[in-house]
Amino acid sequence: MTAGPPHVAVVGGGFAGLAAAVRLARGGARVTLLERRPFLGGRAYSFADPATGDVVDNGPHALMGAYTAALDFLAEIGAGSKLAFQRRLHVTLADPALGLGAVAAPALPGPLQAPAALLRYRLLAPGDRVRLLVGAVRLAARPPASLRHSTVAEALARVGQSAAACARFWHPLAIATLNETPEVAAAAPFAAVLRKAFFAGARAARFGLARVPLSELYTIDARRTLEQAGGTVVTGAAVATLALGRDGVEALVLRDGRRVEADAVVLAVPVTALLRLVPAPLREAHPFRLLAAVGTSPIVSVHLWLDRPVAWGGPFLGLLAGRAQWLFDCGRAAGGGHRLASVTSGARFWDDAGDDEIAAEVLADAAAVLPAARAACVRRTLVVRERHATVSLTPAADAARPGVETPIPRLFLAGDWIQTGLPATIESAVIAGRAAADRTLKTLTSGARSAPARWRPTVVAPAP
């Protein structure tokens, strides 16, 4: 241990890393946060479009009132007012043949709003609506252990959901929350979303959107909060590996050969990056060995600059029966006209498609349900591909998700892929980041310096 406050190095500047760093600094640690890119934001960030100057998100994000940890983190760093929440749950979906319908909560007492919203959903026949509500209750009530080996599709079949209910409600919800197709996505975290969002009261079911670009929503305030607590942020700092010794992790070795000595390390990076940082002999140890088999799933966002507004009466719209999934109204463009953005999760079908092909398909899906989109002239399109946006959360991958502790003393993990019981969401990232920080502080303040009996140090030389 160093003299004075313990020094903790946090690797990764997304939600998980920033949540961990802030909690560590406020808990009395001296914190250095390292981010390989020249800016903070992880996989949730914004940037200036080079052609128009508009600041766009890499993919629009909607937060639910059920995201209690994420909302608490935003409030902690003074960013809570940057979100605008619906008064009540209202999600509009559009089918080319059936038109618009909404899962909209009426003005009823809180616990009744979400069930009433399902029963009022006009894109389903009355019988399907009743079965939808009953199925949601049954699925949410299932113990997580009973769903451990089930996919979403299998779980929905067991609770008697029709093809229409799956196509017009369940599958859009599952793909949006799990970033994976229902045929392979894990049912247990999906059921957790139902419990947390739809059956926890009116406030939990509401959606909130940022009033500002995504990076401005949290990275600026989190950095300020961290630095005010005595922490340091270093961008453009790529970590190559860990330096391990008798008592566990001793330092981070950067790609330029520099060492960052630390009393503890929190790795808040994606799984693929984690496996690159762990020294090769340890990749065969638990939990790293299981993580090597976990795949990833993409998200594709398309930004559209139009010559006129295209509105549907809400901030976002679910697109049914096509490949494009969600359309967001981004408001007036900087140079005039209007800007829309689409988000499509689990979009492997576009892996080999060109940007123009993807943009044309999104426009066609929008025009199929919005007459105003057919008359609009497109001034510019921008396709953003996050090829490894999240882990592919199959039942096997869900079982492989580790906790925040590792067999290496004083090395802790964070990220949306940590086992929080939830899908790989912003909420999961913040929960994991804070849990890693809490465990780190407990370890350091307990004075525990001796390594577990099973620990065997591995000597790692700095990268040349």
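Me: Which residue stands opposite Val 265 in S20?
Reply: This is a predicted model, where local features need pLDDT of at least 70, side-chain atom pairs count only at pLDDT 80 or more, and totals for chains, interfaces and linings use all residues. Residues are numbered from 1 along each chain as its sequence is written, and side-chain values use heavy atoms, leaving out hydrogens and water. Helices (H or I, at least four residues) and strands (E, at least two) are DSSP runs, numbered from the N terminus. In S20, the residue opposite Val 265 is Leu 411.

Me: Nice start! How many bridges join S14 to S20?
Reply: Two strands pair if DSSP finds at least two bridges between them. Strand S14 (residues 264-267) runs parallel to S20, and the number of bridges joining them is three.

Me: Which are the edge strands of the sheet?
Reply: Five strands form an open sheet with parallel pairing, in the order S10-S2-S1-S14-S20. The edge strands, each pairing on one side only, are S10 (232-235) and S20 (411-413).

Me: By how many degrees are neighbouring strands of this sheet turned against each other on average?
Reply: Axes are lines fitted to C-alpha atoms, for helices over the stretch in contact, and angles run from 0 to 180 degrees between N-to-C directions. For neighbouring strands of this sheet direction is ignored, and the average turn is 20 degrees.

Me: What angle does H1 make with S2?
Reply: H1 packs on the sheet, touching strands S1 (7-11), S2 (30-35) and S14. Contact means heavy atoms within 4.5 Å. The direction of H1 makes an angle with that of S2 of about 165 degrees.

Me: Let's turn to H2. Why do its buried residues line one face of the helix, and within what arc do they fall?
Reply: Buried means under 20% relative accessible area (exposed is over 50%, partly exposed in between; 1.4 Å probe, protein chains only). In helix H2 (residues 68-76) the buried residues are Ala 69, Ala 70, Phe 73 and Leu 74. They line one face because, seen down the axis of H2, they fall within an arc (that of the directions from the helix axis to the C-beta atoms) of 135 degrees.

Me: Which residue with positive phi follows H2?
Reply: The phi of this residue is near 80 degrees. The residue is Gly 78.

Me: Are the rings of Phe 15 and Phe 73 stacked or edge-to-face?
Reply: Their centres are 6.4 Å apart. Their planes stand at 70 degrees, so the pair is edge-to-face.

Key. Rings of Phe, Tyr and Trp (its six-membered ring) pair if their centres lie within 6.5 Å; planes under 30 degrees apart count as stacked, over 60 as edge-to-face and the rest as tilted.
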